[in-house]
Every structure is written in C-alpha cells, then in structure tokens.
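Take a moment with the sequence and the model below.

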Amino acid sequence: DYAITGALSQARTQLQSILALDIAAAHRLRALALAELGSLEARDGNPAASEQHFGRAIAIQQASALEVDHARTLKSRARARLGRGDLAGALADSTAALDKFDAVGVQSLQAEARAAFRANYRDAIELRIAALLGQAAASRPERAPEADRLLRAALESSDRARARWLAESAA
C-alpha cells in the first residue's frame, strides 16, 4: 500500500522487515517481498538493485516450484525492464511469464484465483506486445524485414491471448 501511494521509503522499510523475519530462506513470503523490492527499486530508479532483488526472488520461486509466483515475478521484472528501455529483457521475461502461465493454466486454480491469474496473464501479454512494438519502432529503416517480423509477432501475441480467453470462456 505504501508503494501505491508513493511512500517508497515506508514500503522499503516494511519489505525489509519481512525479509528480517525468522523464516526459511526459501519461504514464499521471502520471495514475494524480494519481488516487491525489485519493483520498488525499479520505480525508484535503481536498476542494479532491482535486478538483484528480482533475481533472488526468481531463484527461490524456481527452487520451490512456485510456478504462478514465478510467472508474476517475471511479469513484474518485464515491466521494470520495459520502463528503463530494456526491450530485449522485457520481451524475454514477458515471454517466459506467458510460458509459465500457459503451463499452469487457469483451470487448475481455485475460482477466486482465476481473476487474478487472468489479470496477470493479460498484463504479461501487454508487456510482450509493448516490447515487440518498441523493438519494431527502434529498427533501422534498412532493417524493414526485421520490423515486419516484430510487428507480426506482436499481432500473433494479441491473437494468442484472444484465442486463450475464448477457449477458457467456452470451457
């Protein structure tokens, strides 16, 4: 809540207090706090600290098989990378997040978790499309075929998302 209102120092203090708790190094709460710190540091303009926190969160989530949390953290890191202009990193993370979300599938979740899952999936799709469009726009004029490939990939991502939502609606 502190980060949402712009009180970044209070948010950082709260997250640091979670990390100071006497819980296992691979505890889910620790990974969630690290992921939030990664987002907070990105928002505060500290890319190195952001990457470090995201990396630690992802390592815990991979080791603990926290697939949905892992996908959400990849999505958050994609947003941070896109925000600082790292289009390739944002594309890689949003693609990996979508792969994780697809592997888990919304049908395996409890009803109350499905809405959050769908929102995270939609955000990951939007981040992937933004990264692809950004890379297409940054392509030099002499690399028109590459820009066209990137634009087609953005359209395919949009179509993929629509197809998934339709399939889930029919299920």
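Start where α4 meets α5. In this predicted model, the α4 side of the meeting includes E67, V68, H70, A71, R72, L74 and K75. Further along α4, R77, A78, R81 and L82 also take part. The α5 side includes L87, G89, A90, D93, S94, A96 and A97, along with K100, F101 and V104.

How do we describe such a pair? Two packed helices are described by the angle between their axes and the distance between the axes. For α4 and α5, the axes come within 8 Å and cross at roughly 160°. Angles over 145 degrees count as roughly antiparallel, so α4 is roughly antiparallel to α5. The crossing of these two helices is left-handed.

Now look at the nonpolar residues. The largest nonpolar core has 21 residues. Those that touch the most other members are A97, L98, F101, Y121, A124, I125 and L132. Which of them gives the most? The answer is α6, with eight residues.

Zoom in on A97. Set aside its neighbours within four places in sequence, and A97 is in contact with A71, L74, K75 and A124. There is also a second, separate core of 12 residues. Among its members are A11, L19, A31 and L40.

Next, find N120 in helix α6. Is N120 buried or exposed? Its relative accessibility is 12%. The cut-off for buried is under 20%, so N120 counts as buried. Beyond its neighbours within four places in sequence, N120 is in contact with R72, K75 and F101. With K75 there is a polar contact, side chain to side chain, at 2.9 Å. F101 lies 19 residues away from N120 along the chain, yet their C-alpha atoms are separated by 8.7 Å.

Finish in helix α7, with S157. S157 has a relative accessible area of 4%, so this serine is buried too. Which residues does S157 contact, apart from those within four places in sequence? They are I125, R128, I129 and L132. R128 brings a polar contact: its side chain pairs with the side chain of S157 at 2.7 Å.

How values were computed: Residues numbered from 1 in each chain as written. Predicted model: local features only at pLDDT ≥ 70, side-chain atom pairs only at ≥ 80, totals over all residues. Heavy atoms only, no water. Core = buried A, V, L, I, M, F, W, Y, C linked by side-chain atoms within 4.5 Å. Buried < 20%, exposed > 50% of the residue type's maximum accessible area, 1.4 Å probe, protein only. Helix = DSSP H or I, 4+ residues; strand = E, 2+ residues; numbered from the N terminus. Contact = heavy atoms within 4.5 Å. Polar contact = N/O pair within 3.5 Å; in protein donor to acceptor, adjacent residues only side chain to side chain. Axes fitted to C-alpha atoms, helices over the stretch in contact; angles between N-to-C directions. Parallel < 35°, antiparallel > 145°, perpendicular 65-115°, else oblique. Left-handed = near helix turned anticlockwise from the far one by under 90°.
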